[in-house]
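Visitor: I'd like a close look at one single part of this model, please. Could you walk me through it slowly and then show me what lies around it?

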Amino acid sequence: MVSLKGKDLVSIRDLTKEEMELILSETDKMIPIARGEQSSKILKGKILATLFFEPSTRTRMSFETAMQRLGGGIIGFASIEGTSIMKGETLSDTIRVVEGYADIIVLRHPAEGSARLAAEISSKPIINGGDGAGQHPTQTLLDLYTIKREAGEIEGKKVVLLGDLKYGRTVHSLAYALAMFNAEIGLVSPPTLRMPEEILKDLKEIGAKIKEYSSLKEAIKEADVLYVTRIQKERFPDPTEYLKVAGSYKVDLKILKDAKENLIIMHPLPRVDEIDPSVDETKHAKYFLQSFYGVPVRMALLKLILVG
Amino acid sequence: MIVLEELRVKPIKEGTVIDHIKPGKALKVLKILGITEEHGDIVSIVMNVPSQKLGKKDIIKLENVFLDRETVNKIALISPMATINIIKDYRVIEKYIVEPPEEVVGIVRCQNPRCITNSKEPITPKFRVISKEPITIRCHYCSRVMTEEEIEKNII
């Protein structure tokens with residue numbers, strides 16, 4: 001039987017499709033508790049340590065909410081100010097100390113591969129809450145859950161990934177997971193921010209169905225899900241070039257005229273101006289709901305890892 | 001027939017001859033094998049000698065040293081065509097081409113400056129070999145992929 005009890009979650013690639021499905025179905029059960037409509041004490045007596053070596057309010061708060069909604073306790077830090085790390089302690093030593101205090105650890109650290117190292121050292125399960133430009137698997141899980149819940153299913157859906165497909169780690173992990181679920185993947189990006197060849201090759205090796213579009217206008221007609229990401233200004237040496245590019249990938253009411261009736265729009269947030277605020281009022285907008293789903297998904301994960 | 005150039009260094013009685021090393025890489029090969037100034041036996045190195053197979057090549061002769069396969073296979077990371085000759089009493093008793101290992105531990109530094117292995121953490125860099133031809137490795141920690149040229153620049 002599929003079980004996640006006692007396991008680490010460092011990269012989305014650590015999970016089989018069955019394990020992902022288990023998390024998604026467990027998430028369904030967590031929704032009323034996450035909304036505060038029901039209460040649970042399933043993790044009473046368990047302690048989660050949130051070790052955030054760099055700030056991330058959203059990931060940290062949703063993990064802390066998730067743990068408390070299930071009756072568990074929390075320790076940790078939101079920045080390294082005032083901790084032993086400021087005195088020069090290594091991550092390895094911090095992990096060895098904290099594993100003595102907590103039952104499970106969520107780690108956010110600026111160095112890529114830090115969560116893999118922590119998982120090798122710790123006897124308690126480690127969840128990667130983002131390791132620099134590396135992995136952020138709980139983001140991928142909540143993205144998958146949002147598609148399943150709001151678009152009905154994942155398999156066979158056309159999910160168009162829009163924006164910075166070169167540097168955006170969320171889209172790389174998401175594309176991998178979508179391929180595992182046999183979704184169709186559409187790609188729309190400025191030419192300089194195309195998905196890297198090695199990632200495309202990797203995706204094709206696991207049988208991904210991928211289509212690259214030349215414009216958002218072309219892709220929007222076929223999309224069931226539009227996953228928007230931020231195009232960062234600092235990727236463009238010339239600010240006028242940035243404005244031009246950002247303008248042509250902006251999601252607004254005009255571009256949505258060609259959209260399917262039941263298109264859903266997602267965004268990992270924070271957004272800057274890639275989605276016009278007028279879109280928020282349409283039935284397509286699911287990004288705030290997506291952000292809420294981060295709580296039940298993390299609840300499901302904590303429960304499955306801690307008690308099975 | 002022995003090519004005249006090879007006689008720049010005379011045949012050895014006992015030991016290991018590493019032939020067909022990529023030209024100019026002999027010193028790096030010694031580094032990978034951990035042969036330092038403390039090594040007591042005779043080591044002969046010839047670099048950039050003409051080769052029919054490679055155009056140019058390097059050769060290393062290690063007297064009284066018999067390297068095991070696991071050790072010499074590390075050479076494949078920077079010189080995949082290298083051949084190993086084990087010599088006993090002036091005769092080649094074993095000859096083979098190096099083969100890239102499955103895993104590379106502690107020989108190469110990850111080229112990603114933001115990788116945790118490049119911090120002060122007490123860890124040894126570790127890579128999986130994801131392609132043997134051309135040689136490509138992936139960092140166990142940060143997943144960064146490195147090509148032969150990049151590997152060469154990052155030998156520890």
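Guide: Let's start with helix 5 of chain A and its buried residues: P137(A), T138(A), Q139(A), T140(A), L141(A), L142(A), D143(A), L144(A), Y145(A), T146(A), I147(A) and K148(A). Keep in mind that this is a predicted model. Twelve of the 15 residues of helix 5 of chain A are buried, so the rest of the structure largely encloses this helix. "Buried" here means that 20 or more other C-beta atoms lie within 10 Å of the residue's own.

Helix 5 of chain A covers residues 137-151, and at 1.5 Å a residue its 15 residues should span 21 Å. The C-alpha atoms at its ends are 21 Å apart, which agrees. And what comes after the helix? G152(A) follows helix 5 of chain A, with a positive phi near 95°.

So what does the helix pack on? Look for an open sheet of five strands in chain A, with the order 7-6-5-8-9 and parallel pairing. Strand 7 (209-212) and strand 9 (264-266) of chain A stand at the edges with a single partner strand each, so one side of each has no neighbour in the sheet. On average, neighbouring strands in this sheet are turned by 20° against each other, if you ignore direction. Helix 5 of chain A packs on this sheet and touches strand 5, strand 8 (225-228) and strand 9 of chain A. Its direction makes about 165° with that of strand 9 of chain A.

Let's zoom in on one pair in that sheet. Strand 5 (residues 158-162) and strand 6 (residues 184-188) of chain A pair in the parallel sense, over five bridges.

Finally, step back to see how chain A meets chain B. Here 13 residues of chain A are in contact with 15 residues of chain B. On the side of chain A that touches chain B, helix 3 (91-98) and helix 4 (114-121) of chain A each supply at least two residues. Helix 4 of chain A gives the largest share, three residues. By class, this side of chain A divides into four nonpolar, six polar and three charged residues.

How values were computed: Residues numbered from 1 in each chain as written. Chains lettered and ligands numbered in written order. Predicted model: local features only at pLDDT ≥ 70, side-chain atom pairs only at ≥ 80, totals over all residues. Helix = DSSP H or I, 4+ residues; strand = E, 2+ residues; numbered from the N terminus. Expected span 1.5 Å × (residues − 1). Contact = placed C-beta atoms within 7 Å. Nonpolar A, V, L, I, M, F, W, Y, C, P; charged D, E, K, R; others polar. Pairing = 2+ DSSP bridges. Axes fitted to C-alpha atoms, helices over the stretch in contact; angles between N-to-C directions.
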